[in-house]
Amino acid sequence: MSLAGTLSRCVRRRCAAVFRCGVVAALAVPPAVLPDIGAEHAAALVTMALSVSACSLCPLLVLAVWWRGLTAAGAAAGLLTGAGLPVAAAGLSTGPGTGGAGAVLAQPTLIAAPAVFAVMAGGVAADPPPRPPPRRPGAGEHAPPRGAG
């Protein structure tokens with residue numbers, strides 16, 4: 001549904017017919033691709049989608065809500081890193097892994113999500129937000145309150 005809403009917004013028409021076409025298009029792709037990849041690989045794709053989502057959106061939402069210093073550059077760097085690390089780990093884990101490295105490559109969210117927090121904070125350090133202009137001391141102390149009079 002969210003993909004269909006995005007598709008209909010990209011068309012820039014707010015009619016139900018465009019949204020319904022987007023729903024059909026979004027729902028037609030997975031059944032068409034599923035016979036080619038098999039059921040066990042489909043489960044891996046779902047896991048990968050959840051990993052990418054957790055690694056990119058969770059740090060963004062947490063920092064955007066509770067940290068006023070997050071900049072667009074830090075957020076963009078974190079989103080790209082959060083999407084790239086799990087996909088790169090999936091590309092590296094082609095076979096059954098053994099030990100800790102195999103476990104991390106199979107489920108990269110444990111390492112990737114904290115790394116994305118660090119990348120977002122580093123992006124802010126590289127591109128700090130602009131500082132507000134300094135407030136003059138004593139300004140407005142003897143002025144009447146706004147809206148009065």
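Me: Which helices each supply at least two residues of the lining of the largest pocket?
Reply: This is a predicted model: local features need pLDDT of at least 70, side-chain atom pairs count only at pLDDT 80 or more, and totals for chains, interfaces and linings use all residues. Numbering runs from 1 along each chain as its sequence is written, and side-chain values use heavy atoms, without hydrogens or water. Helices are DSSP runs (H or I, at least four residues), numbered from the N terminus. The two suppliers are H3 and helix H5 (99-106).

Me: Where does the largest share of that lining come from?
Reply: A pocket is an open set of points on a 1 Å grid over the protein atoms alone where a 1.4 Å probe fits, with protein on both sides within 12 Å along at least five of seven lines; lining residues have an atom within 4 Å of a point. Among the 13 lining residues, Ala44, Leu45, Met48, Ala90 and Ala106 lie nearest the centre. Six residues, the largest share, come from H3.

Me: Where does H3 bend?
Reply: H3 covers residues 39-66. The bend is the angle between axes fitted to the seven residues ending at a position and the seven starting there. For H3 the angle is about 25°, at Ala54.

Me: Is Ser51 buried or exposed?
Reply: Ser51 sits in H3. Its relative accessible area is 5%. The cut-offs are under 20% for buried and over 50% for exposed, partly exposed in between (1.4 Å probe, protein chains only). Ser51 is therefore buried.

Me: Which residues does Ser51 touch, not counting those up to four places away in sequence?
Reply: Contact means heavy atoms within 4.5 Å. Ser51 touches Pro86, Pro108 and Thr109.
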